[in-house]
Amino acid sequence: YQQFRVLYESSRFDEALPYARQVLELSERSEDPDYELPIAYNNLGATQYQLGDYTGAAESYRKSLDLLEATQGISSRRLVVPLAGLGAVYAAQDQHQQAAELYERALAVSRRADGLFNLQQIPLIKQSADSRYAIRDFAGAEREHMYALKIAEQNFGYGDMRTIPPLLELGAFYEGLREFIAARMMYLRARDAA
């Protein structure tokens, strides 16, 4: 597993793949497969995704999801990783409707498990907003961007420098829709925070 992590984190995915498969085989025979096997499937799925093997990645994430739903229930925080991974696989294949649905489910689990304004959901919100934008669900994408800003404000305070990234993303979103007044307001808020 350590060798897999070193190779994966240094973006040597071709070399990491055999180790991910070996970890999966060992996890199947471990003393606690209910805990270790979903993690092994997630790691394999992430590696396959990085290598562009979307069919293999989707299969790995689905197996992790099935195992976790069977052993942990449908609201375990451990479901977030395979749901988000599967969403990324669909998004990479321009199947953004399915991706948005998976991200929405992952966000619901995250909020139930860790609170409505937990910071861990920010990357998921961005992915969800991107998929919603791709399917021209602009109201849904706007809602996601605004929620990301609300999370930053709840955690750091209105006008804190850490609210700048979601303000800039929301400004860019409005600018992309040619809603220049709304974009200008977000950019001015970001300037003031800076």
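**Pocket, rings and core**

Helix α3 gives the largest share of the lining of the largest pocket, six residues. The model is predicted, with local features needing pLDDT of at least 70 and side-chain atom pairs pLDDT 80 or more, while totals for chains, interfaces and linings use all residues. Residues are numbered from 1 along each chain as its sequence is written, and side-chain values use heavy atoms, with hydrogens and water left out.

What counts as a pocket here? On a 1 Å grid over the protein atoms alone, a pocket is an open set of points where a 1.4 Å probe fits, with protein on both sides within 12 Å along at least five of seven lines; lining residues have an atom within 4 Å of a point. The largest pocket holds about 330 Å³ of space, a volume being the space filled by probe spheres set on the grid points, which are joined across faces, edges and corners. Its lining has 14 residues, with N42, N43, Y61, R78 and V81 nearest the centre. Two or more lining residues come from each of α3 (33-50), α4 (54-72) and α5 (80-92); helices are DSSP runs (H or I, at least four residues), numbered from the N terminus. Sorted by class, the lining has nine nonpolar, four polar and one charged residues. Nonpolar covers Ala, Val, Leu, Ile, Met, Phe, Trp, Tyr, Cys and Pro, charged covers Asp, Glu, Lys and Arg, and polar takes the others, Gly among them.

Now to the rings. Rings of Phe, Tyr and Trp (its six-membered ring) pair if their centres lie within 6.5 Å, and planes under 30 degrees apart are stacked, over 60 edge-to-face and the rest tilted. The count by this rule is eight aromatic pairs. Y1 and F4 make a tilted pair, because their centres are 6.3 Å apart and their planes at 40 degrees. F4 also pairs with Y8, again tilted, at 5.6 Å centre to centre and 35 degrees between the planes. Both F4 and Y8 are buried, whereas Y1, at 47% relative accessibility, is partly exposed; buried means under 20% relative accessible area, exposed over 50% and partly exposed in between (1.4 Å probe, protein chains only). Ring pairs tie Y1, F4, Y8 and F13 into a cluster.

Finally, the core: a nonpolar core joins buried Ala, Val, Leu, Ile, Met, Phe, Trp, Tyr and Cys residues through side-chain atoms within 4.5 Å. The largest one has 38 residues, and L83, L86 and L124 have the most contacts inside it. Helix α5 supplies the largest share of this core, eight residues.
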